[in-house]
Amino acid sequence: MVFVTKPPSENFSYPRGSKVSKFFAGIPLIDLSKPDSKQLIVRACEEFGFFKIINHGVPMEFITRLESEAIKFFSLPLSEKEKAGPPNPLGYGNKYIGKNGDVGWVEYLLLTANTESNSQRFLSVFGQNPEEFCSALNDYISAVKKMTCEILELMAEGLKIQPRNVFSKLLMDEQSDSCFRLNHYPPCPELQDLSARNVIGFGAHTDPQIISVLRSNNTSGLQISLRDGNWIPVAPDHNSFFINVGDSLQVLTNGRFQSVRHRVLANGSKSRVSMIYFGGPPLSEKIAPLQSVMKGEEESIYKEFTWFEYKTSCYNTRLADNRLGNFERIAAS
């Protein structure tokens, strides 16, 4: 497995009390065109819950086009952007993340991954011509969804479980509750003062869905938490994607794969734009450890729940809360 080293330091804020690792080999780098990718994906999910992929098959044209449209949107006057809000939870939001008091140095668009549903929201922003934005969005989401399903099928192969589409079918279902997020982190003026060390762009959390697929421009800021609690910076790469294991996949694998805690730090000099596809199951889907993943007398760590129940629970918690705690059957060691 190839590892990606951490980036050089930039003008970041490190939250007080953070442990930032100085001794880390790097992020797992997986080439999807190689025959050993499925074994490496499983290993990365077990050890980190996070990895970077190359040779992913998503056309760069789709990536650059959507980034361009996102920058155009976030460059609009606030009064225009707010026509796509307020978020409940879908829509445009600014600094306030969710309804439970979380804030960050970020503005965002949270959208359904059902691309046909987004056109109406942007009629009020772009007048009668939201086609360019929606077309770029649709092309990108369709390509990333296809790639994501391929990754989930490689996971199943690597775990030696059948059927091969045991995970991907949840995203391919017409009722799949997947969503898509565009984040913009403007340069933070407070960080021009070197004494400011506690500005967070997006607070520490895990993603509740099955899998998250992240791509950003070449501005640093993303960090992941290792199992020992140390935070490590993730070097940006605008040509590649980063994969997060979500809480639901942690449950489906009975904790064999672990969802990764991650956060974004504010940057004092550069703007950061990220786009994230969150692959989720249908609302009525029952989430529980798969028998084919458990070995011998292994018992389920989690109670069975529907995605709707877990999603509702997550919307009623803070970002940093242990959201799976209420759904554990036995205390996790």
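**Close-up views of a predicted model**

Arg-263 lies over the face of Trp-231, at 4.1 Å from the ring centre, a charge being taken to sit over a ring if NZ of Lys or CZ of Arg is within 6 Å of the ring centre and within 35 degrees of the ring normal. This is a predicted model, in which local features need pLDDT of at least 70 and side-chain atom pairs count only at pLDDT 80 or more, while totals for chains, interfaces and linings use all residues. Residues are numbered from 1 along each chain as its sequence is written, and side-chain values use heavy atoms, with hydrogens and water left out.

**View A. Charges over aromatic rings.** Besides Arg-263, which is placed over Trp-231, Arg-181 has its charged end over the ring of Tyr-108, at 4.1 Å from the centre of that ring.

View B. Helix H2 comprises 15 residues, 60-74, and spans 21 Å from its first C-alpha to its last, close to the expected 21 Å; the expected span is 1.5 Å times one less than the number of residues, and helices (H or I, at least four residues) and strands (E, at least two) are DSSP runs numbered from the N terminus. The residues of H2 that are buried are Ile-63, Leu-66, Glu-67, Glu-69, Ala-70, Phe-73 and Phe-74, where buried means under 20% relative accessible area, exposed over 50% and partly exposed in between, with a 1.4 Å probe and protein chains only. Seen down the axis of H2, these buried residues fall within an arc of 165°, so they line one face of the helix; the arc is that of the directions from the helix axis to the C-beta atoms.

**View C. Aromatic pairs.** A search of the whole structure finds 10 aromatic pairs, with rings of Phe, Tyr and Trp (its six-membered ring) pairing if their centres lie within 6.5 Å, and with planes under 30 degrees apart counted as stacked, over 60 as edge-to-face and the rest as tilted. One of them is the tilted pair of Phe-73 and Phe-133, with 6.4 Å centre to centre and 55° between the planes. Phe-73 lies in helix H2 and Phe-133 in helix H5 (residues 131-159), so this pair ties together parts that are 60 residues apart in sequence. Phe-73 and Phe-133 are buried, and together with Phe-74 and Tyr-92 they form one aromatic cluster. Another tilted pair joins Phe-305 and Tyr-310, at 5.3 Å centre to centre and 35° between the planes, and both of these residues are buried.

View D. The structure holds 16 salt bridges, each a side-chain nitrogen of Lys or Arg within 4 Å of a carboxyl oxygen of Asp or Glu. In one of them the side chains of Arg-215 and Glu-67 meet at 2.3 Å, N to O, linking strand S8 (residues 211-216) to helix H2 across 148 residues; Arg-215 and Glu-67 are both buried. Lys-72 counts as partly exposed at 44% relative accessibility, whereas Glu-69, at 8%, counts as buried.

**View E. Further salt bridges.** Lys-83 and Glu-80 form a salt bridge whose closest N and O atoms are 3.2 Å apart; Lys-83 is partly exposed, with a relative accessible area of 41%, and Glu-80 is also partly exposed, at 24% relative accessibility. A network of salt bridges links Lys-38, Glu-153, Glu-157 and Arg-164.
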